[in-house]
Amino acid sequence: METRLFRLQGSESDWQPALAKAAAALRSGGLVAFPTETVYGLGANALDPQAVRRIFEAKGRPQDNPLIVHIARPEQVRELAQVTGSVAERLMQAFWPGPLTLVLPRLPVVPNEVTAGLETVAVRLPSHPIAQAMLRVAGLPVAAPSANRSGRPSPTRAEHVLEDMNGRVDVILDGGPCGIGVESTVVDCTSARPKVLRPGGVTPQDLERVVGSVDIDPRVLQVGRESDHGAAVPEEEEEDLGPVASPGMKYRHYAPQGEAILFEGDRAALADTLRREAETSVQRGLTVAVVATEETLAGYGGPGHRISLGSRADLAGIAAALFGALRRCDQVGAQRVLIEGVEPVGMGLAIANRLRRAAGGRIVRL
Ligand code: TXA
Ligand code: MG
């Protein structure tokens with residue numbers, strides 16, 4: 001298949017030719033990659049089972065991992081899901097459009113291909129102007145996972161989508177870099193107490209300001225098993241970690257091709273620890289990348305490619321830089337990737353979740 005990339009600049013009226021192509025592709029069962037405020041999505045008509053199956057093929061995604069349905073207007077949620085209880089209403093009111101996905105009881109119109117056979121459906125109303133315009137012009141709910149090949153870091157630029165999806169999708173809408181850089185927060189609203197299944201662009205503190213208190217699925221920070229000495233036991237790629245509330249949480253994700261090790265905890269000796277690790281790896285003939293904050297890199301005297309996450313003081317900046325940094329590791333051919341962790345608080349929770357998954361459980365606590 002030939003992939004057509006359209007660069008969208010200027011304002012909505014300038015985008016019309018590209019949006020018309022994207023809408024036509026969606027209406028005829030094709031695949032369109034598009035920017036959202038979080039990451040790029042890989043969209044298909046959510047009401048067309050065959051189109052949705054093509055998403056799984058293009059991504060190489062396990063069939064038991066359900067998709068998020070994107071809508072253009074808040075009222076559309078009622079065409080797909082049962083909105084019961086005031087919690088969902090309050091969350092929609094406060095955070096839509098934006099990086100919040102609600103899991104609700106589904107209506108029969110939603111195909112099994114979207115929900116992976118679950119009785120619930122995940123719905124989100126993105127705030128990105130191009131995503132909104134595309135959804136409006138297409139006039140369809142659009143099922144879309146992140147537009148990466150399964151297991152790879154999510155794409156935050158059209159170039160990342162092209163890397164993974166050239167020849168696998170009909171249209172790519174290039175809207176430049178995504179602002180937030182980590183995916184939406186997924187909240188289960190099927191019971192009275194909302195539960196965060198995946199941390200993301202909306203923090204637990206943001207949610208609590210609106211609905212009092214929220215639960216957090218314990219799996220959010222549990223990835224892999226740590227040994228007694230703090231050195232972690234690696235997970236196999238895509239190893240099934242057992243039944244979970246959000247099926248996507250059980251797979252290794254976001255991983256660079258090299259072996260990634262995450263260093264969490266006290267940063268006092270971090271630069272020295274990274275240097276020793278890097279030196280040992282280089283002695284063994286491995287290409288090393290060090291993914292760390294500016295503050296750490298400033299004191300780092302070791303070998304390897306230095307890939308910056310930005311300043312420690314700017315968690316939003318780290319979130320925005322994260323997936324690009326992990327992809328950069330592959331571009332420099334890193335066989336060993338040493339990564340600085342963040343405290344899992346506020347926006348740090350989503351970042352720590354992605355980093356732990358990228359490291360597949362290889363975590364060293366300092
Ligand atoms: O920011 C985002 O959410 C991006 C953009 C493109 O919107 N999309 C995204 O989709 O990250 P994806 O497929 O990569 O992740 C969807 C997550 C997975 O963890 C999946 O298991 C969960 O949402 N999910 C989807 N439907 C669900 C359901 N019915 N119940 C529980 N979890 C669900
Ligand atoms: Mg994804």
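This is a predicted model: local features need pLDDT of at least 70, side-chain atom pairs count only at pLDDT 80 or more; totals for chains, interfaces and linings use all residues.
Reader: What makes Ala158, His160, Val161, Asp164 and Met165 in helix H6 count as buried?

Author: Buried means under 20% relative accessible area. These five residues of H6 (residues 158-165) are buried, so each falls under that cut-off.

Reader: How do you know that they lie on the same side of H6?

Author: They cover an arc of only 155 degrees around the axis, so they are on the same side of H6. In an α-helix there are 3.6 residues a turn, so residues three or four places apart point the same way.

Reader: What covers the buried residues of H6?

Author: The cover includes strands E2 (32-34), E3 (41-45) and E8 (171-174), along with helices H2 (49-59) and H10 (315-331). Contact means heavy atoms within 4.5 Å.

Reader: Why are E16 and E18 called edge strands?

Author: The open sheet has five strands in the order E16-E15-E17-E14-E18, with parallel pairing. Strand E16 (305-308) and strand E18 (363-365) each pair on one side only, and are therefore the edge strands. From one strand to the next, the twist averages 20 degrees.

Reader: How do you know that E14 and E18 pair?

Author: Two strands pair if there are at least two bridges between them. Three bridges join strand E14 (residues 259-264) to E18, so the two count as paired. Glu264 stands opposite Arg365 in E18.

Reader: Which helix lies across E14, E17 and E18?

Author: That is helix H11 (residues 347-358), which runs at about 140 degrees to E14. Helix H8 (residues 270-283) lies across E14, strand E15 (288-292) and strand E17 (336-340), at about 175 degrees to E17.

Methods: Residues are numbered from 1 along each chain as its sequence is written. Chains are lettered from A and ligands numbered from 1 in the order in which they are written. Side-chain values use heavy atoms; hydrogens and water are left out. Buried means under 20% relative accessible area, exposed over 50%, partly exposed in between (1.4 Å probe, protein chains only). Helices (H or I, at least four residues) and strands (E, at least two) are DSSP runs, numbered from the N terminus. The arc is that of the directions from the helix axis to the C-beta atoms. Axes are lines fitted to C-alpha atoms, for helices over the stretch in contact, and angles run from 0 to 180 degrees between N-to-C directions.
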